[in-house]
Amino acid sequence: MTLVSTQARTAVYPGSFDLLTNGHLDIIERSQKLFDRLIVAVGSNATKASPLFSVEERLDVLREATDQWANVEAAELQGLTVEFAAAKKAQFIIRGLRAISDYEFELQLALMNHRLNKNIETIFLAADPTNIFVSSRVIRDVWRHGGDISEFVPTATLKALERKSKTA
Ligand code: ADP
């Protein structure tokens with residue numbers, strides 16, 4: 001038997017998750033069925049100024065929302081995703097695709113990651129049509145303006161939002 005066939009199939013699902021939506025959760029639920037171990041990796045994302053939630057808060061929300069799946073864990077992502085994945089012995093990176101607008105950036109990212117580490121494959125999961133228009137940014141904006149976002153996010157996110165000021 002080769003080493004590869006005995007190795008746990010591990011995937012990393014990286015993102016900002018500021019805030020966790022049902023779109024993210026759907027990708028997590030479907031991915032955890034495909035892999036032995038799924039690590040949801042929370043990056044601070046320097047290009048996204050003034051985050052709503054700290055990385056610690058996002059990790060707490062993720063852990064609460066995914067506690068029904070024993071093979072899912074949440075961790076902070078620092079540095080390159082491929083290096084994080086290699087350190088965790090992950091062979092796959094998961095990304096969700098909502099629309100053609102996601103595709104171009106995601107393709108660039110996947111090709112760059114493949115150039116950086118040929119042993120790690122990016123797997124794309126198509127967004128569930130119910131969540132196709134759901135993005136953290138839009139949901140954050142609706143929430144800030146007092147709109148009802150309860151059908152777009154898990155309970156753990158709603159609870160975390162109750163502790164936040166809308167002007168934050
Ligand atoms: P967002 O784009 O909502 O700010 P992230 O940067 O945290 O979210 O995205 C992390 C990953 O999750 C990306 O691959 C993104 O395409 C995917 N994703 C985000 N929202 C959805 C959704 N509604 N359905 C499927 N995938 C999604």
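## Exercises on a predicted model

Asn-71 is found in the loop between α3 and β3, where helices (H or I, at least four residues) and strands (E, at least two) are DSSP runs numbered from the N terminus. The model is predicted, so that local features need pLDDT of at least 70 and side-chain atom pairs count only at pLDDT 80 or more, while totals for chains, interfaces and linings use all residues. Residues are numbered from 1 along each chain as its sequence is written, and side-chain values use heavy atoms, with hydrogens and water left out.

**Exercise 1.** Determine whether Asn-71 is buried or exposed, and list its contacts.

*Solution.* Begin with the accessible area: the relative value for Asn-71 is 18%, and buried means under 20%, exposed over 50% and partly exposed in between (1.4 Å probe, protein chains only). Asn-71 therefore counts as buried. Next, take the contacts, that is, heavy atoms within 4.5 Å: leaving aside neighbours within four places in sequence, Asn-71 is in contact with Gln-32, Phe-35, Asp-36, Arg-37 and Leu-38. Finally, the side chain of Asn-71 reaches the backbone oxygen of Phe-35 at 3.2 Å; this is read as a polar contact, meaning a pair of N or O atoms within 3.5 Å, of which, within protein, one must be able to donate a hydrogen and the other to accept it, and residues adjacent in sequence count only if both atoms are side-chain atoms.

**Exercise 2.** Which residues have the most contacts inside the largest nonpolar core, and which element gives its largest share?

*Solution.* A nonpolar core is a set of buried Ala, Val, Leu, Ile, Met, Phe, Trp, Tyr and Cys residues joined through side-chain atoms within 4.5 Å. The largest has 34 residues, and those with the most contacts inside it are Tyr-13, Leu-20, Ile-28, Leu-38, Val-40, Leu-62 and Ile-94. The largest share of this core, five residues, comes from α3. Turning to one member, Leu-20 touches residues including Leu-25, Ile-28, Val-61, Leu-62 and Val-153, not counting residues up to four places away in sequence. Apart from this core lies another, of 11 residues, among them Val-12, Ile-39, Ala-75 and Val-82.

**Exercise 3.** How many residues surround the ligand, and which polar atoms approach its oxygen atoms?

*Solution.* An oxygen atom of the ligand is 2.6 Å from a polar backbone atom of Gly-96, and one is 2.9 Å from a polar backbone atom of Ser-16. For Arg-98, an N or O atom in the side chain is 3.0 Å from an oxygen atom of the ligand.
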